[in-house]
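Trainee: Could you take me closely through how the helices pack here, and then follow the packing as far as it leads?

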Amino acid sequence: MAIHERLKQIRLEHNLSQSDFAQLASVSQPTIANWENGSHVPHREKLETLSQALGFDLLWLLSGDGDAERRMANPYLMQPIHHIPIYDWPEEAQTIDGLKPIGYLPFAARKQPLFAFRRPQVKSGRDRFWLIDTPKNADSEQPHLIRRERAYRIVPNYAAAKGDPIIGPVLASIYLYAPIDQGYEMPTGMPA
């Protein structure tokens, strides 16, 4: 986002007309129009005047940096971090009950997934993690983890489950380029 777009954003956030904004900056309304369409660059002292009058961060206006409330990452940063237990993909006839986590994956989400499975991808040499949510958060169009013929499988959507027991919807699928260290120790204070 360029400075002219940030200026317009500030004006609109404060529900000001271009004339009102011009009056605060001690310039004319056509000057504000030129600032907002990017054809003219405002003088720094006019921006400082607006910053003081409206209480926004001048650094953010000039560069896009600063003011945490305006950073694009802010919604992500405000989400709680959950430590998702990671399990190796179960072998046939194994059940999820009694599996021991091989580690934890910090994950920012509004809802807390229950667990993640790790499955090595032989062809690529990478590991793939499947984050599994609770069944109550299921969307019929998202992939699902099911148990079919004594094995766990990912199917493309709810309809593909065809009556098989559904463990939960897939919240995310993540590839790692390096395999996880098998000697990973759980951080202190993490549940076993």
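Mentor: An axis here is a line fitted to C-alpha atoms, for helices over the stretch in contact, with angles running from 0 to 180 degrees between N-to-C directions, while helices (H or I, at least four residues) and strands (E, at least two) are DSSP runs numbered from the N terminus. The model is predicted, with local features needing pLDDT of at least 70 and side-chain atom pairs counting only at pLDDT 80 or more, whereas totals for chains, interfaces and linings use all residues. Residues are numbered from 1 along each chain as its sequence is written, and side-chain values use heavy atoms, with hydrogens and water left out.

Helix α2 (residues 18-25) and helix α3 (residues 29-37) have axes that come within 8 Å and cross at roughly 100 degrees. That angle makes α2 roughly perpendicular to α3 (65 to 115 degrees; under 35 is roughly parallel, over 145 roughly antiparallel, the rest oblique). On the α2 side the contact (heavy atoms within 4.5 Å) is made by Q18, S19, F21, A22 and A25, and on the α3 side by Q29, I32, A33, W35 and E36.

Leaving aside residues up to four places away in sequence, L61 touches I3, R6, L7, I10, L47 and F56.

Ring pairs link Y87, W89, F115, F117 and Y152 into a cluster, where rings of Phe, Tyr and Trp (its six-membered ring) pair if their centres lie within 6.5 Å, planes under 30 degrees apart being stacked, over 60 edge-to-face and the rest tilted. A search of the whole structure finds 4 aromatic pairs, among them the edge-to-face pair of F115 and F117, at 5.2 Å centre to centre and 65 degrees between the planes. F117 also forms a tilted pair with Y152, at 6.0 Å and 55 degrees, and this pair links distant parts of the chain, 35 residues apart, with F117 in strand β3 (residues 115-121) and Y152 in strand β6 (residues 151-155). Both F117 and Y152 are buried, and F115, at 8% relative accessibility, counts as buried too.

How values were computed:
Buried < 20%, exposed > 50% of the residue type's maximum accessible area, 1.4 Å probe, protein only.
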